[in-house]
Every structure is written in structure tokens, then in C-alpha cells.
Amino acid sequence: MRYTQGAMAKPVEQRDGVIIRFAGDSGDGMQLTGDRFTSETALLGNDLSTLPDFPAEIRAPAGSLPGVSGFQLHFADHDILTPGDAPGVLVAMNPAALRTNLADLPKGGTLIVNRDAFNERNLRKAGYTSNPLEDGSLGEFQVHDVPLTTMTVEALRGIEVTPREAERSKNMFALGLMSWLFGRPTEGTISFLERKFARSPAILQANVTAFNAGYAFGETSEGFSVSYEVKPAPLRPGTYRQITGNTALAYGLIAASRQSGLPLFLGAYPITPASGILEELARHKSFGVRTFQAEDEIAAVGAAVGAAFGGSLAVSTSAGPGIVLKAETVGLAVALELPLLILDIQRAGPSTGMPTKPEQADLLLVLFGRNSESPVPVLAASTPGDCFEVAVEAARIALKYRTPVYLLSDAYLANGSEPWLLPDVNALPDISVELTVEPPVDGEFLPYTRDVDTLARPWALPGTPGLEHRIGGLEKEDGTGNVSYDPDNHDLMTRLRARKVAGIAADIPELEVDDPGGAELLVLGWGGTYGPIAAGIRRVREAGGSVAHAHLRYLNPFPRNTGEVLRRYDRVLVPELNLGQLLRLIRAEFLVDAVGYNRVRGVPFRSSELAEAIEAML
Amino acid sequence: MTGGARGEGNGGGLIQLTAKDFKSDQEVRWCPGCGDYAILAAVQGFMPELGLPRERIVFISGIGCAARFPYYMQTYGMHSIHGRAPAIATGLSVSRPDLSVWVVTGDGDALSIGGNHLIHALRRNVNVKILLFNNQIYGLTKGQYSPTSEAGKVTKSTPMGSIDHPFNPVSIALGAEATFVARTIDTDKKHLTAVLRKAALHRGTAFVEIYQNCNIYNDGAFDAVREQRENRILLEHGMPIRFGADGERGVAQRADGTCELVEVAAVGEGALLRHDEHAVEPALAFALSRLAHTPHGPTPIGVFRDVERPVYDEVMQAQLDAATAQRGHGDLAALIGSGDTWQIG
């Protein structure tokens, strides 16, 4: 298709929702392009959900298949739950991006490619023996092969940037074109570029010019005969922003610090996909946040235990390979009965696995991956925005019950984003702690006496006169905390620690069920699969199927009505991004003959596959 | 549980504590004759000199015989897990700069399983005092060779002799950028106390290796310096380094920078190395540490190095203060509403 430029006003078509995927080389700036398009979309008031998909390698060889980086965005005029199963529009910046993503584009889908990148060298690197733009193999799609590089370089003629810098601005040209195609506001991107390149006027000018040129190209070229409009979604009133799971966790921890009145301490070692939390918290020292980048995962959680002893709200963040290393220290925290939060941003494994890809396979690890009887409460976040609330709730439980608490997120929630209705900070729960500050009248402080309701032990901080005491990993005598090898005492202490954690069930909400009435099948999920499961259920219901949905935030202890809910249904389906871990737990605990739907492909569930799995059980 | 310390700050110098105030009610359970008893007595005897009430002092240990130490101190304390005490103490110290934090560790705890935490605490210069009880053996697990055991050592796990080359703890500390490094002996209460005093005064991490006799599994390991006092090369700042029964021997520096033992009569006093614990570069201190890789002959005792460098805890606090001065106290509503926001309804 040849592009000539005309100036006629073009018709605008209404769409209720669009799924776009930007794909290019790791160096092509696809994440930035996706981010900016998302911001424009958010400001327009669409509901949205994003899925960045990038390789662990920072810059794999240019043009190669492993070097392809993608960003998918789903936006609509109604509430949506996932980044979408398959894109309706694919932007492919080079042959490798086309090759790795084309299979996901449905027939009739829109394909926008950078024709300039389809040279012999790139085609060969992507494994093409003939040029797909010329061999007719793309006949089933609406193809726009745009010479993005050439047009960008031409548009920047006269601006003092190197040829390489000019060429690198092509992602802004593409963004401008897409902004026109979907009627996105452009002011946000212009001011973003102004901030980003404030110190390099020429680069700023190049990027803005490329962006505007792309927009104008869409407006005038004959290749694009219509543009599309997606109206704002009727979301709940309030102030919104985009948020990723990792940012929401960081904010939630700061909120928990404020609501507890305790200073926040984070011990962390860089690991994908958890590092973003460390980086975010390191920026907020004016909140009294201390971030400690430790020498290893063990020191990271060890320092957190030390800070907890000193009275901080202490946190350690990691992903599976680091969580394994922290296990012994978490066991120590169980014995010390000190509050501690451990955040596991799950990724595909075992071992190093696929560091940037999501999985839910650490559930049994955090529940049971310690020596001996070592009960730890476990919570899981269900959406990026939910990460905020779950962080506060996990802190509440840790502080109130003087226990380490695991909070599970995953690589999908960590990097994915959605509009987030800002919470009213004045309505956040009070999670302040009653510290022991007065020595007992009879003179002897007993660090292992227990509150009759919570079974929590007193928390007396170093610096408090008259309450000097020693705690440790050796078994302690009930009450005094002195070292004890007494058989009955060990049995008692083991049961007390278990009862304390089990008793939290009385202090958490019951499991809610979304049941339109009369459903015989319950779909039970947990954690980051909430969106795809809810979207799959919506599809089934739209097709007339009757199915109930419950989603667990609390994995240990389970909500007190969990067994009752499960027994209410003839059939229970448990979709998980693992080989059946929650499934195993509920079968063992509630003797329910549930079945699993399990995939470990390193990608989120597609709502269509879940809809099929549900349909098959109706 | 009462005592002079209760409720008093350390501002007025009014605290009149004695060694007895630092004895907890727990029965000490080391083997009779263990060097740990002498160290415990010396530390308890020194504690009143800190001028701090007991509640401001914290002892943190890992695992091993030495690690039982906190139970016997009437201060705050934590007996943690193997090798991790420096990491735990780091978290406590940086989050509570008002506390005096001490780590008690052993050669296996600090130099084997916890080696990584030790070196990183030292390079960061966290404000903790690390007392390494070196007995060159695993005692609590009943007698396997340790990372400081001499090569060839026959133990239960090395029936034909250890094939490991041992660590020299002082060399390790110096190589790890430590700002305070010293060595002393369990039974020499006066020297031990003097070293503790200097360690306590030091701002940042202080590393003190204490030769400690395990009379059950490695009796006599340090006799060459513990019993034969003429082998103690006492390091004193600014003084020519001399030792021997009548100071007849000394330490001189070779052209290549290494140290050698010399007869003072042969080389003359002017040829002796003058000790400088404040030397900016640790090269001389390192050369001194190499005089005795394991203590089988003349061995340096005392402060090898004592220099100033920014203290991790203080720099972290300064960053918090600077951020707050720049932006004011954090405002949660402003934080979560930062960036691009939009209104619905």
C-alpha cells in the first residue's frame, strides 16, 4: 500500500473496546511507548488494563527473536478485568516482533508494521526466508506497512541530532500515529517529553517533532481511512491514577507505617520482579522510610528482623529464589514472635526459571517451606490496585499477632497496571500497636506471656527501662521465655504458635461468593488470576451459563466459612498458574472433590480458555 | 530486675552501674574451664564504663558456644541463627541509632556460614561492635575443624588432617575495609578491657578477635601467646614495635612492605617499625597481621587499625533528614495522588 497525503476530514468509528499490542526490539522503546499510550488512555477516562511482556535480557542482540519486547493494553468504554486475550491491533516494529506476535492476532486484525525494518538482515535474523510484506502471507490481516524510520528521519531534518538519535525517535512517530488512530489526547505526552528531556533540547525537539509527525501522518495519509473513538467508561466517581502492583505495594507499606505509627524498614536484595518495590520505597525517605539494600537475601530479611526487634514496621521483599534463602530467618521470626512482612513477587520457576514471567507456584513454599511446625499467615493480592489494601492488611495482622506474614503477588500484578480509585487516606484502618512500656509491679517481665484473645506476646522495645529481656531461636519456656528443653513445654509452645495463627480466622472477613443464584459450579481462585477468572465467568454468564465465583485473599488461615462455601456447590473448579497447589490444600482440609485447571506457561490465563474450562463443567 | 539504670538517660553521667548489674538470672552453661567465662566477666566488668543504662544496650549473637552470651547479659538481647548476627544487628543499629549494639560471634559463625555478612558489615561501617571469639574449632557440634583451624588439624571430621588453608581473621577484617580491627586474649582481662574501651569509643564497626581457649576440643591452641607472654607483640600507637621478655626483639619492615621479626641489638632501635593505628591505608596493619597466620609463635596483639570513616547509620539518617528538609514530612495523600490523575463524576 502506497501512502499519499490528503487533507480530507476522516470519519470516526465508535468502538466499545480495543486491545493493542506494541512489539519491537528491546531497544525500540516499546515499554515507554506503551506507558505513554496508557497514560493518554487513562486521562481520557477509559477503563484499562496493561500487560508488559519483556525478556529478562536487557538488550538481547538487536533484531533477534529473544530480544522482542511487548506491551499490551486493553481499554474500553466499560469496566474490564484483563489486558485481553488477543490484540485487535498489533504494532510490529521489526520482523522479529512480527514473527513472535503474529500468531496472537486474529484474522482480520489490524497490523501496523515498520516497513523500513523489513530488510534482508532483519528478515534473516527473524528466520524469514521471504518478506512477509511481499509474499502474500499476511493476506488475512489489514496491513499498514508504514516506512516509520524513513518518515521519522525526514521529519527531523534540520534538528541537530545524530542519525542514530533521529532513528530512535521512531517509537514517538508510532505513538503519534496510534494517538491519532484512537483519538487520544496528546498534551500529556508532550509535557512528559518536556520533563524527560528537559536537559537535552535537541532530543526533546526530535521526540516532539516525531510524535506530532506521526499524528499528522495519520490525519492526512490515505492509508488510514477512519479513526476510532472509545468513549470513557462509567467508573465509580472519584480521583483516579494508573497504578502497577509494585507501586501499590510500596504505597501500601508507607500507608501501613503511617497507620501503625511505626517507622518503615525495608531490607531487600535486587531481584526480578520485586526490585521495583525497593526502588520506589528508596525515593520516599521523607516518610521516614529506611531502605537497606543488603549483601544477599538472607541479610535482607535478617536486617528486617533486627529492625522489627527495634520497633520498626519491618519488611523484606523478594521472589521465589530469594524467598527460599530467607526461609531460616522467617522461621526465626516465628520463634521470636516478632512482626515481619515478607513479600513474594512470584515468578515462573523452578530455580531461575523465567524471571519476568508470572506463576503462582510459591504457595506451598511459603506455607510449608520451613523446618518443623512453623505456621505463618499468608495473604495474596488479586489486582494491581488491591496490592495497596493487602499490604495494609498484612501489616495489621503481623503487628497485632506478632508474627511474620507472607504477602504473595506475582510478575503479572507487579508490572501490569490499571486505573486505581485513590483511597481516602483518612479512612484507612488504625493499626497502631500497644507496646509494653511499664515494668510489671512484681519486677519480672515475662516476654512469652500471651494476650488471652490474640495469643500475641508482649512487644517491649530495646530502650524501654526495666524490660530488658533476651529472645532467641531456641525453644522457650511458656511465659518466661527462658530456654527450655522440657517435652511438655515444647508441645505446648508448638500448639500455641499454631493456635495463634489459626485464630486469625476470627479476625478476617468471611469468603464472599459472587453467585447470581442457582449455580451448581463454584470457581475458586486466589491471587493475581482474579481478572482473567472474573472475565471468563462473565463470558460464561453472558452466554447463559450459571456459575459462582469466590476469590481467596487469605490463604492461611482460610476464611472461617470456606468449608461451608465449598460444600454448597456440586462442583468446584480451581484455576491456578501452578500444578494444583490451592487445590491440594482445599482437598486435604475440606475433603472436597475439587478439580483444577492448571497452566504454567509464564503468561496470565486467557479469559477465553477459562470460559471453555468452566463451560465444560456446567 | 531493679537497678540503678532504670529510667535514666545517659546525659548526666549519673548512672552508677557495676559488673553485677549486667549479670542476668540465667545460669551460665559453658564447660568448666572455657575461655568464654573470662570474656563474659571482662565484658560485664567493662559495661558500666559505657555510661549507658542497661536498656540501651543490645547483644546479638548467632549460633555456637559463644552465641549463648546474650542470655547471660542483663541487657536486651537476641540469640539468632547461624552466621546472621551482623545482618540482624545492622537492621537494629540503623533503625535505632540510640542503642549500643554488640555482636558476639565465633570463628565458624563469623567466618564460615556468616562470612558474607561479616565483611559487608565491616565495609559499610555500621555502628556495631563485633566480638569474635576465636577458638579455632567447632565446639557446640563437638569438635570439627573450623575455618581458622591450622592446616593439617586432626579432628573428628578430618581424621587424616584438615586440608583447608585457614583464615586469618584480622587479615580478613582489614581486607574488608574495616575501620577498627583489634586482637586480644580471653584471660588477659586488662588488655581485653582496654581493647573493648577503644572499640566502644570507635564510631562505626569495631572488629575484635578474641583468642579463646576451648579446653574440651582444642585445648592449648593459643598457648604460644596465652601462656608464653614473650610471644605477645603488643601494638601500641606511636611506639616502636618491640616484644620479648625484655623487649629484645622487634618488628621491622622489609623493602617489599612485608614485616619481619628482628633482634633489636642487631638492627638498632631506629630500624624498628613504629605502629600507626590511624594510618589511612591499611597496608602496614595488614603486613603486621601476616606475622602470625595462626598463633604459634610471636603474634601481634592490640589495635591494628582505628580510623574514621562516615558511619552507615548516621549517613542513612542524614539522607532521611535531608529529604524531609527538602520536601517536608511525607504526606500520604499527596504521594498516592502524584503523577497523572483524572476525575470521574
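**Talking it through**

Student: Asp488(A), buried or exposed?

Tutor: Asp488(A) has a relative accessible area of 62%, so Asp488(A) is exposed, where exposed means over 50%, buried under 20% and partly exposed in between, with a 1.4 Å probe and protein chains only. This is a predicted model, in which local features need pLDDT of at least 70 and side-chain atom pairs pLDDT 80 or more, while totals for chains, interfaces and linings use all residues. Residues are numbered from 1 along each chain, chains are lettered from A and ligands numbered from 1 as written, and side-chain values use heavy atoms, without hydrogens and water.

Student: Which helix is Asp488(A) in?

Tutor: Asp488(A) sits in helix H16 of chain A, residues 487-502 (a helix is a DSSP run, H or I, of at least four residues, and a strand a run, E, of at least two, numbered from the N terminus).

Student: New topic: how many aromatic pairs are there over all chains?

Tutor: The whole structure holds 22, with rings of Phe, Tyr and Trp (its six-membered ring) pairing if their centres lie within 6.5 Å, as stacked under 30 degrees, edge-to-face over 60 and tilted otherwise. One of them joins Phe173(A) and Phe217(A), whose centres are 5.9 Å apart and whose planes meet at 45°, so that pair is tilted. It links helix H6 to helix H8 of chain A, 44 residues apart, and both residues are buried.

Student: And what about Trp30(B) and Phe69(B)?

Tutor: They form a tilted pair, at 6.3 Å and 40°; Trp30(B) is buried at 7%, and Phe69(B) is buried at 0%.
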